[in-house]
Amino acid sequence: MQKCSICKHENNLFSEECHHCGSTLKGKLDMRYEGAGRRSQQRNQTLIDKVWRFFASVRNGMYILLMTLLATALGTILPQRTYIPIGRVPQEFYESEYGVFGRLYHYLGFDQLYSSWWYMTLLGLLGASILIASIDRFFPLYRALKLQPVKRKEHFLTHQLYVKNKEISDPERLIRQIRDRRYRVRQDGEDYLAEKNRFARWGPYVNHIGLLLVLLAAFLRLFSFFYQDEFVWIRDGETAVVPDTNQSLFIKNKQFSVDTYDADDPKFEAAIEQEGRSIPKSFTTDIIVYEAENHIAGDTPDLKVLKQMQVSVNHPVKAAGFTIYQSGYQMNEFSGLTLRAENEDGLTADFQVNTEDPQTDYELANGLHAKLVDYYPDYQLNGDNIITATKYPRNPAFVFDISEGDMTERLFIAIDEVVSETGSNKYNIHAVDYDTHNVTGLSVKRDWTLPVFLLGGLIFMMGLIQGLYWQHRRIWLQRQADGSYLIAGHTNKHASSFEREMDRILDIYDKGESG
Amino acid sequence: MENLSIISGHLLEAAFISYLLGVILFTWSAAKQQHGQLERIAWGVTAVGWMAHLGFFILRWVYSGHAPVSNLFEFMTFFGMMLILVLLIMYRFYRYSLLAVMALVISILIIGCAAMFPRDVAPLVPSLQSHWLYIHVTTAALGEAVLAVSFFAGFLYILHETDQAIQHKRVWLIEAIIALILSVAGYMLLAISFRTFGFTATVMTADASIIYQLPPFFVPSDMVSSPFPFGVSVPDWMRGENAALKLNTIFVSLLAGCVLYILIRFFTRKRIGAALQPLVRKMPKDMLDDIGYRSVAVGFPIFTLGALIFAMIWAQQAWDRFWGWDPKEVWALITWLFYAAYLHIRMLRGWQGIRSAWLAVIGFCIIMFNLLAVNLLIVGLHAYA
């Protein structure tokens with residue numbers, strides 16, 4: 001505690017002005033960087049000095065941080081483009097869902113805010129601020145603490161947080177007290193400097209190194225050299241090549257399976273009923289990973305089994321330098337359809353269509369002929385337009401020209417609807433049978449930035465704990481001319497607990513004195 | 001086995017009642033302004049309540065087979081439990097009854113609101129089946145609970161520092177915060193009483209029927225019939241899922257908050273801030289400032305570890321990417337950026353004391369926003385919790 005010289009109000013040791021009357025308290029030394037001269041304070045001539053000075057300022061750093069914060073929040077007002085329903089056109093989606101605001105949001109590019117040039121710039125500025133502010137402070141502080149003498153000027157000591165004048169008859173015993181509290185004590189003549197946890201002062205710089213590593217990793221991720229993200233859909237029993245691996249990596253889906261929770265389980269009954277549908281328990285694919293041997297372009301390569309394994313959600317597996325994740329599935333995708341064409345007179349003809357790779361012409365029985373004009377593997381209505389959401393036959397639709405002699409009619413055929421586009425309604429085609437298969441979606445990734453991110457995170461945590469869970473405390477004992485001791489103390493934070501520690505040390509010493 | 005679930009439910013009720021008792025005892029002890037027996041009893045009652053709460057947590061874990069932190073009900077009750085744990089520990093160092101009252105009130109409101117969400121034991125979907133579920137969620141909740149202490153201290157600091165006669169803007173901000181807290185209390189009271197009396201209103205729309213647990217003031221624009229004589233159609237631009245229902249809940253809560261506020265003012269005959277001030281006046285405000293800073297200094301690393309680092313490790317495993325700009329992730333980042341700013345801004349001249357206290361209040365609002373609003377207003381991957 002320090003007393004205000006005017007109103008006698010007791011103030012916190014760290015207070016700069018009296019909380020009661022507002023008058024400036026007796027000047028404390030600014031001990032934040034040991035009063036060491038920093039480059040940003042000394043030089044301000046060249047452009048580099050000015051830039052350095054700008055980024056070295058914590059205040060400017062905070063402006064950048066707060067701008068980043070606001071920009072980050074801005075991106076959550078509407079969903080980002082990656083989260084809008086598959087198959088929707090962004091411009092149309094934002095306008096139809098959110099009106100004028102949505103249109104503006106999309107127009108300003110806020111739907112892809114986190115990859116925008118200006119958001120990246122903000123992160124870059126933040127990184128510059130962290131780097132320069134740290135360098136500007138660390139080296140002067142390090143030197144000042146390394147070279148600090150035991151003997152200090154009286155002005156220095158009397159302007160510390162904790163100051164006391166005291167008769168000490170047995171300094172050795174007091175020093176033992178201090179040592180017991182894990183202080184390291186240096187002596188110079190009859191003066192002492194006790195210090196502990198100096199390493200806590202490096203905490204901020206250590207955590208800033210961690211942060212810079214994280215930002216560096218994020219920067220490296222801008223270059224495709226450092227990572228590879230692939231995704232393959234593989235049908236049950238089939239083998240697919242992993243894209244962009246130079247035709248060297250193949251994965252076979254032996255069997256994909258979905259397990260669901262038992263709806264009669266008394267434990268989960270209520271929740272499953274609330275959900276209204278069965279709740280999945282696991283998504284698992286049995287896979288075989290192959291490596292291509294003696295690969296010659298255009299040839300079917302010889303496959304060598306690398307590994308047989310099981311991949312499921314939350315349990316990715318590693319093979320050939322890649323990590324394979326279970327990250328999608330498609331039940332009952334169509335592999336083939338049997339369509340039945342019918343004319344006015346009731347004459348029918350069945351024909352098979354391969355949904356993976358349909359033929360264009362079908363010569364049918366009864367003199368009918370079908371010509372495939374258009375094919376939508378995963379058809380969806382987008383306003384008035386027919387589009388295909390994906391290239392996978394999940395909801396196939398066809399446009400056929402069906403002809404009999406010189407009569408021709410154009411028909412649109414989906415699984416559960418038929419629309420005549422020419423309006424004559426003489427012919428009809430509908431699905432009578434189909435084969436389906438299950439498809440597993442595997443994400444195959446390799447990312448060399450991950451270890452950098454992880455290392456950055458670890459260093460950041462270390463620095464945080466080092467800087468925030470310990471305090472750098474110092475006690476100076478200086479013998480005065482009259483034989484008493486001037487005791488001064490400093491801590492870099494949490495003044496009240498330091499004050500308690502000081503009082504305790506002196507208290508125990510006093511008790512020992514009398515006893 | 002069925003019994004476990006029932007016992008665990010009763011334990012939560014017991015904890016809730018102990019906490020209510022704790023509030024009363026701590027308030028009483030704060031009003032008496034003396035340390036002693038009463039305080040010890042209050043601490044004891046709260047501690048017993050916490051043991052019951054822990055019992056609820058353990059039994060539910062045993063019964064369901066997974067850590068009960070997988071939906072909003074479970075997460076919020078767990079967050080409430082962490083708040084009390086932090087309070088019980090902190091109280092050993094800083095014996096201020098009012099801090100305990102703040103922590104208990106917020107915890108009670110959170111647990112009360114939690115009970116309004118579906119309470120059934122739900123099975124875990126595949127992406128949640130990981131040890132990281134409880135590692136990530138518990139650390140994040142603990143971090144948020146420690147950070148919340150800075151709000152308790154900050155709010156008391158502001159109450160202490162405000163001159164009720166002069167500083168009108170600040171005075172009204174305090175009243176607004178109190179009214180907001182009362183709104184949550186009002187919502188809880190209304191929802192509990194309506195549930196006890198089995199009230200529901202079914203509003204029919206063109207293609208669905210929506211069940212309201214509260215009186216339907218706001219109804220969808222395509223409403224066909226409502227059991228309530230009047231209903232305001234929600235504006236056309238509110239198109240989110242259940243927009244009418246959510247707006248209605250917010251409106252009824254604010255209404256209830258205002259009614260409670262007026263009722264209390266009727267008894268106190270002055271602003272609630274002014275009525276509370278005598279309780280706060282004796283508290284050493286420098287100590288409050290210290291506690292606020294300390295709680296951020298302790299909570300920030302825990303929050304970083306739980307809500308960002310563990311979260312990212314798990315996301316990489318379950319969703320094959322450690323970061324995907326999902327709203328909940330983004331708001332955890334915003335919370336983190338905010339408290340990072342808090343720690344730096346405090347170093348600047350003149351930003352200790354009252355300004356820090358306001359920052360702590362804003363920080364808690366961000367945490368609460370991430371807890372509730374992101375789930376209810378913004379749909380994302382964390383839809384379950």
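1. **The interface of chain A and chain B.** In this predicted model, 64 residues of chain A are in contact with 61 residues of chain B. The size of an interface is often given as the accessible area lost when the parts come together. Here the two chains bury about 5300 Å² between them, and 63% of that area lies on carbon and sulfur atoms.

2. **Polar pairs across the interface.** Between chain A and chain B there are 17 residue pairs in polar contact, with both residues at pLDDT 80 or more. Helix α10 of chain A (residues 450–468) supplies 9 residues, the largest share of the side of chain A that touches chain B. The interface of chain A and chain B also holds 1 salt bridge. This is formed by A:Lys445 and B:Asp320, whose closest N and O atoms are 3.1 Å apart.

3. Which residue of chain A meets the side chain of A:Lys445 in a salt bridge? It is A:Asp229, with an N to O distance of 3.9 Å. The two residues belong to distant parts of the chain, 216 residues apart: A:Lys445 lies in strand β21 (residues 428–447) of chain A and A:Asp229 in strand β6 (residues 227–235) of chain A. A:Lys445 counts as buried because its relative accessibility, 15%, is under the 20% limit. A:Asp229, at 36% relative accessibility, counts as partly exposed.

4. Over all chains, the whole structure contains 28 salt bridges.

5. **A salt bridge within one helix.** A:Asp507 and A:Lys511 form a salt bridge in which the closest N and O atoms are 3.6 Å apart. Both residues lie in helix α11 (residues 495–514) of chain A, 4 residues apart, which is about one turn of the helix. A:Asp507 counts as partly exposed at 39% relative accessibility. A:Lys511 has a relative accessible area of 56% and is therefore exposed, the limit being over 50%.

6. **A salt bridge between two helices of chain B.** B:Lys285 and B:Glu161 form a salt bridge with their closest N and O atoms 3.0 Å apart. The pair joins distant parts of the chain, 124 residues apart: B:Lys285 is in helix α9 (residues 285–319) of chain B, and B:Glu161 is in helix α5 (residues 132–161) of chain B. Is B:Lys285 buried or exposed? With 9% relative accessibility, B:Lys285 counts as buried, while B:Glu161, at 26%, counts as partly exposed.

7. **A sheet of five strands in chain A.** In chain A, 5 strands form an open antiparallel sheet in the order β14-β15-β18-β19-β20. At its edges are β14 (361–363) and β20 (418–420) of chain A, each of which pairs on one side only. Neighbouring strands of this sheet are turned by 25° against each other on average, direction ignored. Strands β14(A) and β15 (residues 368–376) of chain A run antiparallel and are joined by 3 bridges. A:Asp361 stands opposite A:Lys371 in β15(A).

8. **A sheet of three strands in chain B.** In chain B, 3 strands form an open antiparallel sheet in the order β2-β1-β4. Why is one side of β2 and of β4 left without a neighbour in the sheet? Strands β2 (209–212) and β4 (223–225) of chain B stand at the edges, so each has a single partner strand. The twist averages 40° from one strand to the next. Strand β1 (residues 201–205) of chain B pairs with β4(B) in the antiparallel sense over 2 bridges. In β4(B), B:Ser225 is the bridge partner of B:Met204.

9. **Two buried residues in helices of chain B.** B:Glu74 is found in helix α3 (residues 72–93) of chain B and counts as buried at 1% relative accessibility. Leaving aside residues up to four places away in sequence, B:Glu74 touches B:Arg60, B:His66, B:Ala67, B:Pro68 and B:Val69. B:Gly55 has its place in helix α2 (residues 37–64) of chain B and counts as buried at 17% relative accessibility. The C-alpha atoms of B:Gly55 and B:Leu190 are separated by 28 Å, and these two residues are 135 residues apart along the chain.

Technical notes:
Residues are numbered from 1 along each chain as its sequence is written. Chains are lettered from A and ligands numbered from 1 in the order in which they are written. This is a predicted model: local features need pLDDT of at least 70, side-chain atom pairs count only at pLDDT 80 or more; totals for chains, interfaces and linings use all residues. Side-chain values use heavy atoms; hydrogens and water are left out. Two strands pair if DSSP finds at least two bridges between them. Axes are lines fitted to C-alpha atoms, for helices over the stretch in contact, and angles run from 0 to 180 degrees between N-to-C directions. A salt bridge is a side-chain nitrogen of Lys or Arg within 4 Å of a carboxyl oxygen of Asp or Glu. Buried means under 20% relative accessible area, exposed over 50%, partly exposed in between (1.4 Å probe, protein chains only). Contact means heavy atoms within 4.5 Å. Buried area is the accessible area (1.4 Å probe) that two parts lose on being put together, summed over both. A polar contact is a pair of N or O atoms within 3.5 Å; within protein, one must be able to donate a hydrogen and the other to accept it, and residues adjacent in sequence count only if both atoms are side-chain atoms.
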